[in-house]
Amino acid sequence: MRRVPLALFVLACVFAQAQSPSTAPAVNWALPIFTDKEGFRSMTLRGSAANIAPNDGVAVTDLNITVFSGDAAARVTTVFLSPAATFYPKTKQATGTKAVRIVRDDLEATGTTWTYDHAQKRVTLDGNVRIVLNLEIKDLLK
């Protein structure tokens, strides 16, 4: 099976929507993303609605980002939940100014203004930040 590059797939979807007379959002939107070499699941984005946003972004309502281990185990490592955010497919980054909840086995975090860079596995939180670590103290001292 031939894989289509993510940027090409997203541009085709954007072009198809631009060609339609309606500017209605995509409903129950989902975008699976796979690793480049092996084709393992890397992350899946979902939303109740998605619209084209400036700078090649996708504005998503009720965003759910599920990040996977990127290997054959396909283990869920992180889940992001936000009522509204923008995802940039070319750079695999998400950003929002509404609340976000981040859930992992070892922590749970919330904040208002946030960014996620999938390539660097980096999260930035600002505004009303709350982080709860689910670790034993001995794990922190390693």
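Accessible areas come from the Shrake-Rupley method with a 1.4 Å probe, and for residues only the protein chains shown count as cover. By that method the chain exposes about 9100 Å², with carbon and sulfur atoms supplying 56% of it.

Before we go on, a word about what you are looking at. This is a predicted model, in which local features need pLDDT of at least 70 and side-chain atom pairs count only at pLDDT 80 or more, while totals for chains, interfaces and linings use all residues. Residues are numbered from 1 along each chain as its sequence is written, and side-chain values use heavy atoms, leaving out hydrogens and water.

Let's start with the overall layout. The chain has two helices and 10 strands; these are DSSP runs numbered from the N terminus, with helices being H or I over at least four residues and strands being E over at least two.

How many of the residues are tucked away? Of the 142 residues in the chain, 28% are buried, a word used here for under 20% relative accessible area, against over 50% for exposed and partly exposed in between (1.4 Å probe, protein chains only). A contact means heavy atoms within 4.5 Å. Among the chain's contacts with a separation of 6 or more, 36% are between residues 24 or more positions apart.

Now let's turn to the aromatic rings. Rings of Phe, Tyr and Trp (its six-membered ring) pair if their centres lie within 6.5 Å; planes under 30 degrees apart are called stacked, over 60 edge-to-face, and the rest tilted. The chain has two such aromatic pairs. One of them joins F80 and W114, stacked at 6.2 Å centre to centre with 20° between the planes. This pair links distant parts of the chain, as F80 lies in strand β4 (residues 76-88) and W114 in strand β8 (residues 113-117), 34 residues apart.

F80 is buried, at 1% relative accessible area, and W114 is buried at 1% too. The rings of F80 and Y116 have centres 4.5 Å apart and planes at 40°, so this pair is tilted. Here strand β4 holds F80 and strand β8 holds Y116, 36 residues apart. Y116 is buried as well, with a relative accessible area of 5%. Through these ring pairs, F80, W114 and Y116 form a cluster.
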